[in-house]
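Take a walk through the structure below.

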Amino acid sequence: MTEYAAPRGTRDVLPSETPRWQYLESRFRGICALYGFGEIRTPTFEHTELFTRNLGETTDVVAKEMYTFESRSGRSLTLRPEGTAPTVRAYVQHNLGASLPVNKVYYVARIFRYERPQAGRYREHTQFGVEAFGSLDPALDAEVISFAARFFSAVGVEDFGLRLNTIGCPNCRPAHRQALVEFVGDKLSDLCAICADRFQRNPLRMLDCKEERCKAVLASAPMMVDYLCEECSEHFARVQSYLGEMGIAFTLDPKLVRGFDYYTKTAFEFVSGELGAQNAIGGGGRYDNLVEEIGGQPTPAIGFGLGLDRLILALDAMGVELSCEASGTVFVAGLGEAGHEAAVKVTFDLRGRGVSADMDYTGRSLKAQMKVADKLGARYVVLLGEDEIARGVATVRDMRTSEQESVPLSELAARLASA
Ligand SMILES: [Zn+2]
Ligand SMILES: [Zn+2]
């Protein structure tokens, strides 16, 4: 006999847990509306080249974490391993830039990566993200960052930190890259194997290595901030000044780099002290050349994304109670055959009036039905026993106060609808 279980690295979110997910999603959508981001929904899979050509061939995601398969026609497809490239692809394909000077979109998407499962990291996870296309204005960077800060505050993450950096642009990055390569030079053998590879392909990413030996070597390495061109330097200064005006505290972190090659200029990350070393709860940055690389008109852009699974883990670690409203449902407890028949009708009528209602279908005792009502978090229980049926009434029990009253069946639905 086969024993079935969800595949490794995936999980089921059960009805007892989904209210928290729904709450976070609704807060996210609410703040998107507040900031003028409209929802975009892109396919779960894309042509593989969208990711291999644009995320950076040497990134872990492209090198070993993608779920890639061949369609029946022999075309290579990949389950989306991140949310930005598909959004840019849709922006270009539908020429959204022609409709508005600045396009602001958000998504709630499942993301797929073949990673080693660990706390808060799943092979299929949910990501919230926003992307803003069409302006190089540093005020837009500040807007996206303030959006993220507002979301974290709204859901109860009060002690988050914001790390901020700039990673320059194609004009100023080569000089820094050169300096970094020269700095590492004969110290290359002191670095980890991954950094040895990064040294060849993308030296900037060495700065972000979490290995102690690499941190030691790179402690005094040349930093991008000291190599910025005038445009990048001014842009970064203005982002900081806008954040200051908005009262958003940040820490400059010259070693912060983002995971994909398409990023330019502003890079940022939100961290929570509660998650230990893997403490990032969301991040983002500019990607001013990606739209053009994907085939559109040159269009600067900036985005932010966060993993819902990790956020929930952080909220748990912080002991944040999410204010998920109880459903306020009515449980209709019928006893005996006549009580059961009446319960079917009452339940139907209540729902017809827009009152959430449920009933027993297993012929349990009153005590057992009350237990079920309690588990469901019922606000009221409607009791329909032989005595009630004979008198044409129902006993309505307020589960908070434990008060009971008799209500004529003809008035029941209206009374509960206005309760
Ligand atoms: Zn630059
Ligand atoms: Zn390293």
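At what angle do helix α12 and helix α15 pack, and how far apart are their axes? The model is predicted, with pLDDT of at least 70 needed for local features and 80 or more for side-chain atom pairs, while totals for chains, interfaces and linings use all residues. Residues are numbered from 1 along each chain, chains are lettered from A and ligands numbered from 1 as written, and side-chain values use heavy atoms without hydrogens or water.

Helix α12 (residues 336-352) and helix α15 (residues 409-417) pack at about 35°, their axes 9 Å apart. Helices here are DSSP runs (H or I, at least four residues). Axes are lines fitted to C-alpha atoms over the stretch in contact, and angles run from 0 to 180 degrees between N-to-C directions. From α12 come Val 346, Asp 349 and Leu 350; from α15 come Leu 409, Leu 412, Ala 413 and Leu 416. Contact means heavy atoms within 4.5 Å. The contact residues divide into 6 nonpolar, no polar and 1 charged.

Now the metal. Cys 192, Cys 195, Cys 209 and Cys 214 bring their SG atoms to 2.3 Å from the zinc ion (ligand 2). Donors are N, O and S atoms within 2.8 Å of the metal (3.2 Å for Na, K and Ca). The donor spacing in sequence is C-x2-C-x13-C-x4-C. Cys 195 sits in helix α7 (residues 193-201), and Cys 209 lies 14 residues away in the loop between α7 and α8 (212-218).

Are these two buried or exposed? Cys 195 counts as buried because its relative accessibility is 0%. Cys 209, at 9%, also counts as buried. Buried means under 20% relative accessible area (1.4 Å probe, protein chains only).

Terms used. Helices (H or I, at least four residues) and strands (E, at least two) are DSSP runs, numbered from the N terminus. Buried means under 20% relative accessible area, exposed over 50%, partly exposed in between (1.4 Å probe, protein chains only). Ala, Val, Leu, Ile, Met, Phe, Trp, Tyr, Cys and Pro count as nonpolar, Asp, Glu, Lys and Arg as charged, and the others, Gly among them, as polar.
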